[in-house]
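Work through the following exercises with the sequence and the model side by side. Each task sentence is followed by a solution that goes step by step.

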Amino acid sequence: MIRPIPHVGAIAAYALADLGGPKTISLAQNESAFPASPNAIAAGQAAMADMPLYPDPEWPDLRLAIAEVHGLDPSNIFCGAGSMELIGCLIRAYAGQGDRVLGTDYGYAFVASAAVQVQADYVKAREVDLTVSVDDILSAVTPKTRIVFVCNPGNPTGTVIPNAEIVRLRTSLPKKVLLVVDQAYAEFSDAEHDPAEVFAMIQRGDTVITRTFSKAYGLAGARVGWAYAPPEIGAELRKLLNPNNVSIPSQAAAAAAMRDQTHMREVVAKTANIRDAFTENGRALGLTVPQSHTNFVLLRFASVDQAQRADAALRAENLLMRGMGGYGLGDCLRATICAPGVMKRARDVLEGVLS
């Protein structure tokens with residue numbers, strides 16, 4: 001039998017999401033409740049004519065679109081097959097055996113998997129009230145720490161810390177430590193937290209910001225993410241990225257989606273209205289629901305047993321939320337925001353369990 005190298009053999013296989021049967025409505029994947037911009041769909045369809053060709057490895061129009069909207073230097077923008085590819089390559093470039101990658105209690109779980117792949121140790125800093133704590137991160141830094149990873153807004157918590165705290169974290173970290181700020185859901189909080197303040201941090205040369213088109217732009221199936229990185233870090237990142245990583249239709253659709261900020265903001269506003277109404281309904285039922293700054297909410301039940309009963313009742317009605325046991329939150333379910341009718345169905349099921 002041909003065996004893999006030991007640390008790869010020890011990694012648990014990727015657990016495919018339970019999407020239920022054909023009649024199941026998923027509230028588990030944090031997909032957009034609304035379609036992508038019509039401009040993005042049209043651009044992606046038109047680009048299908050170029051499918052015999054390899055995609056441009058420099059992502060020229062996509063980089064330009066991002067730069068135009070955010071006021072950034074396009075040469076410092078790097079695109080990937082979702083932000084996952086970018087995050088994985090950053091860890092491969094800057095951490096190895098015996099190094100530490102420092103995340104938080106409820107940070108993005110993929111970071112832990114990526115750290116294991118390079119034989120680095122993944123360590124979690126405590127969160128306070130399901131919210132990133134800069135002081136606890138700083139307390140957990142050791143000489144072995146190579147990367148600090150912060151998800152802001154958080155997944156699966158939905159909570160956010162202000163830009164001033166991100167800046168304080170970077171200022172207080174050792175210069176040799178790379179800070180990666182994953183802002184997969186930032187479009188839902190940009191109105192309150194100016195993104196320019198965080199993007200400006202790359203001028204220090206030790207910080208990378210990642211974002212995605214999967215959430216607010218409704219392009220999860222296109223697999224497009226992007227990073228804003230200092231030139232020196234970007235050069236190392238490019239060595240590890242697949243040079244043809246973002247397909248021709250995906251580049252075209254993402255560029256058009258980025259340029260249609262009106263559509264994106266409408267999606268964010270409509271999602272937030274449904275989210276906040278569902279949040280209030282959940283609290284009225286006695287659930288603990290942190291204020292979310294994303295397209296999902298975290299529902300905290302009185303016990304693990306109650307959360308499991310709610311999960312079973314939802315599944316019986318062909319509604320699927322995401323269990324949070326893997327994050328150490330067995331008393332929680334995470335609910336992606338869907339159409340109002342779906343959220344009402346979910347609320348009615350929860351009321352039946354909790355009454």
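**Exercise 1. Find which residues form a nonpolar patch on the surface, and give their accessible area together.**

Step 1. Patches are built from residues with over 30% relative accessible area and no salt bridge, where like charges are joined within 9 Å and nonpolar side chains (Val, Leu, Ile, Met, Phe, Trp, Tyr) within 5 Å; a salt bridge is a side-chain nitrogen of Lys or Arg within 4 Å of a carboxyl oxygen of Asp or Glu. Accessible areas come from the Shrake-Rupley method with a 1.4 Å probe, and for residues only the protein chains shown count as cover.

Step 2. The patch consists of Ile5, Val8, Ile11 and Val116, which together have about 290 Å² of accessible area. Ile5 is placed in the segment before helix H1 (6–9), where helices (H or I, at least four residues) and strands (E, at least two) are DSSP runs numbered from the N terminus.

Step 3. Keep the source in mind: this is a predicted model, in which local features need pLDDT of at least 70 and side-chain atom pairs count only at pLDDT 80 or more, while totals for chains, interfaces and linings use all residues. Residues are numbered from 1 along each chain as its sequence is written, and side-chain values use heavy atoms, with hydrogens and water left out.

**Exercise 2. Give the volume of the largest cavity and of the second largest pocket, and say which residues are closest to each centre.**

Step 1. On a 1 Å grid over the protein atoms alone, a cavity is a set of points where a 1.4 Å probe fits but cannot get out, a pocket is an open set with protein on both sides within 12 Å along at least five of seven lines, and lining residues have an atom within 4 Å of a point. Grid points are joined across faces, edges and corners, and a volume is the space filled by probe spheres set on the points.

Step 2. There are two cavities of 30 Å³ or more, and the largest has a volume of about 60 Å³. Of its 14 lining residues, Glu127, Val132, Cys151, Gly154 and Thr157 are the closest to the centre.

Step 3. The second largest pocket holds about 350 Å³, and of its 18 lining residues the closest to the centre are Glu187, Ser189, Asp190, Ala191 and Arg265. Helix H3 (60–70) and helix H11 (261–284) are the elements that give two or more residues to this lining, with the largest share, six residues, coming from H11.

**Exercise 3. Locate the cis peptide bond that joins Asn152 and Pro153, and state where Gln119 lies.**

Step 1. The bond between Asn152 and Pro153 is cis, with omega about 0°, and Pro153 sits in the loop between strand E7 (145–151) and helix H7 (163–172).

Step 2. Gln119 has a positive phi, near 65°, and lies in the loop between helix H5 (109–117) and strand E4 (121–125).
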